[in-house]
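Have a look at the sequence and the model, then read on.

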Amino acid sequence: MTITSPETASADIGVYGMGVMGSNLARNLARNGYRTAVTNRSPGRTLRLMDQHGDGSEGIFIPSETTEDFVKSLEKPRVAIIMVQAGEATDWVIEQLADHMDEGDIIVDCGNSLFTDTIRREKWVRERGMHFVGAGVSGGEEGALWGPSIMPGGTEESYKRLGPMFETISAHVDGEPCCTHVGADGAGHFVKMVHNGIEYADMQVIAEAYDVLRRGMGATPSELADIFDEWNAGELNSYLIEITAQVLRHKDASTGEPLVDMIVDQASQKGTGKWTVQTALDLAVPVTAIAEATFARGASSQTTQREAAQHMEGHAQELKVEQADHDSFVEDVRRALFASKIIAYSQGFDEIAQGAHAYNWTIDKGSVARIWRAGCIIRATFLSDIGQAYDEDPDLPLLMAAEPFASRIEECIPSLRKIVALAATHGIPTPVFSSCLAYFDTVRADRLPAALIQGQRDFFGAHTYRRVDREGTFHTRWADEGKPEEQWD
Ligand code: 6PG
């Protein structure tokens, strides 16, 4: 097949970038009745899509070889989605599109772009009279094809044109689309970034639960798969628990061993978890579960350091839970997992709240929770409760302290303590379980040793402190006789 020049204004929407995600998004649009223009930097991938799916059975695709033709094929105001590798490629495509597009047209970046890049790009495109929408898209390849969760930023005006199409192709829960206008400029990509950070914490804490269970019970991966399946039928119901069971049950075709035992134990990352943590540091939001999960991936991949530490004695006992105690042990791990999950999500929503404040976005956190109920990687039943909690009080200071989470955490925290203690004495690394417990104990403490740190800071650097009994800023002259205190303001 060859690509001929398309008819002007013959497409409702276009997708630039025919990798798997771009092709699947285009197929989803076409299947939903939108005439979809498609193109790619090199035409081979466009041709492949047309060869495989261009027979009309999936809907109408309008292929182009050049950016000029692609833009020409779009009906005005034009909507062009970019689905390319986040980074320089995105800037390159934006420039190409902007060269051929007109005032009022809309460029949409559906890649995993850093939200500060999106803020910069939005300004650049806006100054040229067009709209730029950074849209987070979650759900992987299958989600893109059958219904992702979509988190678009950008202007209200651009959402009027784009929103109905995105809402149609997104996942749905009880007829409600998993897509909402998140906020201005980079808000959509910011929320997607935090989604991924939560994804890291959720995956790590599930992995820790698996590790503790496996070592404690000496169970096989497929026996553990049954436990995860059971958990998936209850309050832990979520995509990540569901796929955990599937991964654990899977046998390696070449050896017959559980596949999980044949996979190198080094977790990779593409950077979105790292961004969530870097941004959290800038915003001073303690997303400790996400940070520990990100560092845990890094530590797993530090082969040299891991080798260097192999010979070190850990003084750890071997964990062996008696058969008779297996049920209560499994229940403790389940509760520890649920408590940690609530804490990790609570931290993520805290970051969204602080980000919205810092960047002047109006983000409806209840809606964010609702559009994560299906389509995305962190989809979970308990997101309905999160949505409701934020609907009841959009300014919740701390999600985990609101009902129904506060009660659930209180019920589960004894199990989290037990599991963290057990892991510590038995030498099992549980960075996210442990940090969730430490965070819980930090935020609920009525007095923290931070007071001592303020004293130390004042001692060596005259950094001052505030007093519990009087307003003002104080400094003690530590080097002077009698250590007199001064009030500085
Ligand atoms: C999603 C995923 C998706 C992708 C990430 C994770 O929401 O569909 O989060 O964006 O899987 O890139 O990547 P890493 O684990 O490689 O960082």
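A polar side-chain atom of N196 sits 3.1 Å from an oxygen atom of the ligand. The protein covers 80% of the 410 Å² of accessible area that the ligand has on its own, with areas taken from the Shrake-Rupley method and a 1.4 Å probe; for residues, only the protein chains shown count as cover. Please keep in mind that this is a predicted model, in which local features need pLDDT of at least 70, side-chain atom pairs count only at pLDDT 80 or more, and totals for chains, interfaces and linings use all residues. Residues are numbered from 1 along each chain as its sequence is written, and side-chain values use heavy atoms, leaving out hydrogens and water.

**Around the ligand**

- There are 14 residues around the ligand, and N112, S138, E199, Y200 and K270 come nearest; a residue is near a molecule if one of its heavy atoms lies within 4 Å of it.
- E199 has a polar side-chain atom 2.6 Å from an oxygen atom of the ligand.
- For K192, an N or O atom of the side chain is 2.9 Å from an oxygen atom of the ligand.
- Helix α8 (residues 187–217) gives the largest share of the shell, five residues; helices (H or I, at least four residues) and strands (E, at least two) are DSSP runs, numbered from the N terminus.
- Sorted by class, the shell has two nonpolar, eight polar and four charged residues. Here Ala, Val, Leu, Ile, Met, Phe, Trp, Tyr, Cys and Pro count as nonpolar, Asp, Glu, Lys and Arg as charged, and the others, Gly among them, as polar.

- Strand β1 (residues 13–16) pairs with β4 in the parallel sense over three bridges; pairing asks for at least two DSSP bridges between two strands.
- Opposite I81 in β4 stands V15.
- β4 and strand β5 (residues 106–109) run parallel, joined by four bridges, and I106 in β5 is the bridge partner of V79.

**H131**

- H131 belongs to strand β6 (residues 131–138).
- Buried or exposed? H131 is buried, with a relative accessible area of 11%.
- The side chains of H131 and T155 make a polar contact (3.0 Å), that is, a pair of N or O atoms within 3.5 Å, where within protein one must be able to donate a hydrogen and the other to accept it, and residues adjacent in sequence count only if both atoms are side-chain atoms.

Technical notes. Buried < 20%, exposed > 50% of the residue type's maximum accessible area, 1.4 Å probe, protein only.
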